Amino acid sequence: MKNKWVITIVVLIVFISVISLFVIKSSASQDSVYVEGCTPYNLEIEKGKSPSSVIISWKSKEKCSAYVLYGKEVGGLDMVAVDLENEIKSNEHKVTIQNLVSTKKYYFVIVSNDVIYGKDGLPLQFSIDSL
């Protein structure tokens, strides 16, 4: 009789654990993205102080070294912009890119702890006029 109660309680605890795990997973929004480590999030692109500059800023959960590779073509990201305001390793990153043509489209990726981040494997894009 005592073993039946122990087995019943163990089965009940396992059942509740499984159900609660399912409820927690399914209650998260499909648009939610769990960010960890040096993955960039809260990316912002805004016009800089001069009419030919932009500021690209983002955050990371951990303190990471990061920079931006950019260029005028998807396959030609041949310029580098670094964060001159924060420490080498930071969880807040801010890069200013200067001497841009306002009507030209530019492409960029964020390199954070030697991992390249874009969108779906491709660079992100901007033009000053579109900001």
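**Rings, core and surface**

Mentor: This is a predicted model. In it, ring pairs join Tyr-106, Phe-108 and Phe-126 into a cluster.

Trainee: How many aromatic pairs does the count come to?
Mentor: The count is 2 aromatic pairs.

Trainee: And what describes a pair of aromatic rings?
Mentor: You go by the distance of the centres and the angle of the planes. Here, Tyr-106 and Phe-126 have ring centres 5.7 Å apart and planes at 25°, so they count as stacked; the cut-off for that is under 30 degrees.

Trainee: Are Tyr-106 and Phe-126 buried or exposed?
Mentor: Buried means under 20% relative accessible area. Tyr-106 has 2%, so it counts as buried, and Phe-126 is buried too, at 4%.

Trainee: Which residues touch the most other members of the largest nonpolar core?
Mentor: Ile-56, Val-68, Ile-97, Leu-100 and Phe-108, out of 16 residues. Strands S2, S3, S5, S6 and S8 each give two or more residues to this core. Take Ile-56: leaving aside residues up to four places away in sequence, its contacts include Val-68, Ile-97, Phe-108 and Phe-126.

Trainee: What about the surface, which residues make the nonpolar patch?
Mentor: Tyr-67, Val-80, Val-82 and Leu-84 make a patch of about 400 Å². Val-80 lies in strand S4 (residues 79-82), and because its relative accessibility is 51%, Val-80 counts as exposed.

Note on methods: Residues are numbered from 1 along each chain as its sequence is written. This is a predicted model: local features need pLDDT of at least 70, side-chain atom pairs count only at pLDDT 80 or more; totals for chains, interfaces and linings use all residues. Side-chain values use heavy atoms; hydrogens and water are left out. A nonpolar core is a set of buried Ala, Val, Leu, Ile, Met, Phe, Trp, Tyr and Cys residues joined through side-chain atoms within 4.5 Å. Buried means under 20% relative accessible area, exposed over 50%, partly exposed in between (1.4 Å probe, protein chains only). Helices (H or I, at least four residues) and strands (E, at least two) are DSSP runs, numbered from the N terminus. Contact means heavy atoms within 4.5 Å. Patches are made of residues with over 30% relative accessible area and no salt bridge: like charges are joined within 9 Å, nonpolar side chains (Val, Leu, Ile, Met, Phe, Trp, Tyr) within 5 Å. Accessible areas come from the Shrake-Rupley method with a 1.4 Å probe; for residues, only the protein chains shown count as cover. A salt bridge is a side-chain nitrogen of Lys or Arg within 4 Å of a carboxyl oxygen of Asp or Glu. Rings of Phe, Tyr and Trp (its six-membered ring) pair if their centres lie within 6.5 Å; planes under 30 degrees apart count as stacked, over 60 as edge-to-face and the rest as tilted.
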